[in-house]
Protein chains: 2
Amino acid sequence: MKITAMAGGVGAAKFLSGLVQVLPPEEITVVVNTGDDFRWMGLYICPDLDTITYTLAGLDNPVTGWGVRDETYQCLDRLRALGCETWFALGDRDLATHVYRTQRIQQGDSLTEIAASLSRLNGVAARILPMTDSPVPTMVHTEDGTLAFQDYFVRRNCQPQVQGFTFEGIENASPAPGVLRVLQESDAIIVCPSNPFISIGPILAVPGIRDALRESPATILAVSPIVAGEALKGPAAVMMRQLGFEASASGVASLYRDFLDVFVLDRRDESLRESISALGLQVRSADTIMSNEASRVALANSILEMLS
Amino acid sequence: MKITAMAGGVGAAKFLSGLVQVLPPEEITVVVNTGDDFRWMGLYICPDLDTITYTLAGLDNPVTGWGVRDETYQCLDRLRALGCETWFALGDRDLATHVYRTQRIQQGDSLTEIAASLSRLNGVAARILPMTDSPVPTMVHTEDGTLAFQDYFVRRNCQPQVQGFTFEGIENASPAPGVLRVLQESDAIIVCPSNPFISIGPILAVPGIRDALRESPATILAVSPIVAGEALKGPAAVMMRQLGFEASASGVASLYRDFLDVFVLDRRDESLRESISALGLQVRSADTIMSNEASRVALANSILEMLS
């Protein structure tokens, strides 16, 4: 069974780390959000691509979920001494990825080629694709004005009230090579438990991707990133409320209803089953909270059963 | 007394670390070789500027002489895992300097401006000037062909037999802003105990600098980098032999005779006094081996006495 997953950062990475244990990873393609990408001190940083790659490589930091395990911050300490802004906590080991990527970008290589190299060099067997090779930075419109994503997310810790998002330049962006094809040729497409606005939203906004999902013969399944009204991680629930949506699994389901076949909610949210069915979706439930490796594998097995 | 020093890397840095303890550092300008500069993984690296700055900031690595003390190599280890060439041992703390410099170069700032910022941010009171703002990479012509400097110096450990040097683009380079003026206005100019071919040679090859030295009213003094036929550090003596020069203090003096007033040889080389006098130079002697801080200060005091 060929599976394509659409993924943001930490939540998706946890889910995928279970999936690669129950399916041959060579059969899995991950299409990753690049709206979070940014330049810092001249370095080209792709937080979601790196989180997915590190996690599938077993290099992930179990404390933070992002970055590399056994990390040190010597370079950052020196940059702070040089008066640089250091609110983005870049570790020494993580830095190597950004130095490597930046050099290849300067050489004219595409994000797709670089992501493939980083996967291979880190021993990841799943195929990791950026959603697009073009920079399409997420801009967060807030009560404090329009903020670059990392400014909102890291520096201001998601505090400003959100009014909406734009992905700069997305109208002229194309899906990365291979993306439309895997969406067409997969047996199943999984929308990972990621933030619908800032992780899955940018992927769906790349011209051609949402249409490809609507037209794909694959079974398309989404795993809710919201359980009992709260996000498993990050600001998804808060954003939903700020944007006037119901902060619930059904709120998420409504955002995907035009292309989705199956919505997976947490067992704690069984009460929402009916409202999601009313959207014309099949509803399944599972234990979606991935507190340890066993629960990640169990969730992956549950999803596979639903798809078979 | 205003002093300008012409400097390469480790030997010069040791000498200057003594000089700033016997003279107000604000009165000292250091004109630094940039022929060693290179790009690695997209980063703009200036080994001699950094060695001088780190040493005068008290950040120098007492074991290697170059790089930063208390260094770690986490980023380099990861780059090695990504298949990058890692024969240039870049530490995590050192890396911050190159990330900082590269970003400012990309923003259009000059090496002179960046060197001044790095001095100030690291608390160095002496003025540090690159010899030129233009890249003029040292190329080493050897029996194995023409090699980029770091390839010859670090990767091949100075093994190939040297036939000559060129500094690419030097014919179109200008002295960095301020260099000609300090050479004109200094009371004394000191040629540090650095390699005459690859440290002092590139400085002298910048159009205008050698003429400015010949015309300067300052007393110009050189400290021999060769003691008893051997270089204090690095390949200077070997290069002299390979290029057909006498590997001795008098061999070095002959290279500077057109602009030099005073040549300082080590007490061990008193026997060379006559041959250097015959070049039309004043000859003085001192203990030039700087094995510890006291000897650095003692050498600086000896030089000051000679100049006063």
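Visitor: Where in chain B does B:Asp70 lie?
Guide: B:Asp70 lies in the loop between helix 2 (47–56) and helix 3 (74–81) of chain B. Helices (H or I, at least four residues) and strands (E, at least two) are DSSP runs, numbered from the N terminus. This is a predicted model, in which local features need pLDDT of at least 70 and side-chain atom pairs count only at pLDDT 80 or more, while totals for chains, interfaces and linings use all residues. Residues are numbered from 1 along each chain as its sequence is written, chains are lettered from A and ligands numbered from 1 in the order in which they are written, and side-chain values use heavy atoms, with hydrogens and water left out.

Visitor: What is phi of B:Asp70 near?
Guide: Most residues other than glycine have a negative phi. Phi of B:Asp70, however, is near 55°, a positive value. B:Ala228, in the loop between strand 11 (226–227) and strand 12 (230–231) of chain B, also has a positive phi, near 50°.

Visitor: Is B:Asp70 buried or exposed?
Guide: Buried means under 20% relative accessible area, exposed over 50%, and partly exposed in between (1.4 Å probe, protein chains only). B:Asp70 has 63% relative accessibility, so it counts as exposed. B:Ala228 is likewise exposed, at 53%.

Visitor: Which strand of chain A holds A:His141, and which residue is its bridge partner in strand 7?
Guide: Two strands pair if DSSP finds at least two bridges between them. A:His141 is in strand 6 (residues 138–142), and its bridge partner in strand 7 is A:Thr146. Strand 6 and strand 7 (residues 145–148) of chain A pair in the antiparallel sense over 4 bridges, forming a hairpin with 2 residues between them.

Visitor: Which side chains are in polar contact with that of A:His141?
Guide: A polar contact is a pair of N or O atoms within 3.5 Å; within protein, one must be able to donate a hydrogen and the other to accept it, and residues adjacent in sequence count only if both atoms are side-chain atoms. The side chain of A:His141 makes one of 2.8 Å with that of A:Thr146 and one of 2.9 Å with that of A:Thr166. A:His141 is partly exposed, with a relative accessible area of 24%.

Visitor: Is A:Thr142 buried or exposed?
Guide: A:Thr142, also found in strand 6 of chain A, is buried at 4% relative accessibility. A polar atom of its side chain lies 2.9 Å from the backbone nitrogen of A:Asp144, and one lies 2.7 Å from the backbone oxygen of A:Gly145.

Visitor: How many residues does each chain bring to the contact between chain A and chain B?
Guide: Contact means heavy atoms within 4.5 Å. Chain A and chain B each bring 26 residues. Buried area is the accessible area (1.4 Å probe) that two parts lose on being put together, summed over both. Here it is about 2,300 Å², 65% of it on carbon and sulfur atoms. A:Met41, A:Arg78 and A:Leu82 supply 28% of the area that chain A buries against chain B, more than any other three residues.

Visitor: How many residue pairs are in polar contact across this interface?
Guide: The rule finds 2 residue pairs in polar contact, both at pLDDT 80 or more. Helix 3 (74–81), helix 4 (92–106) and helix 5 (111–121) of chain A each supply at least two residues of the side that touches chain B. The largest share, 9 residues, comes from helix 4 of chain A.
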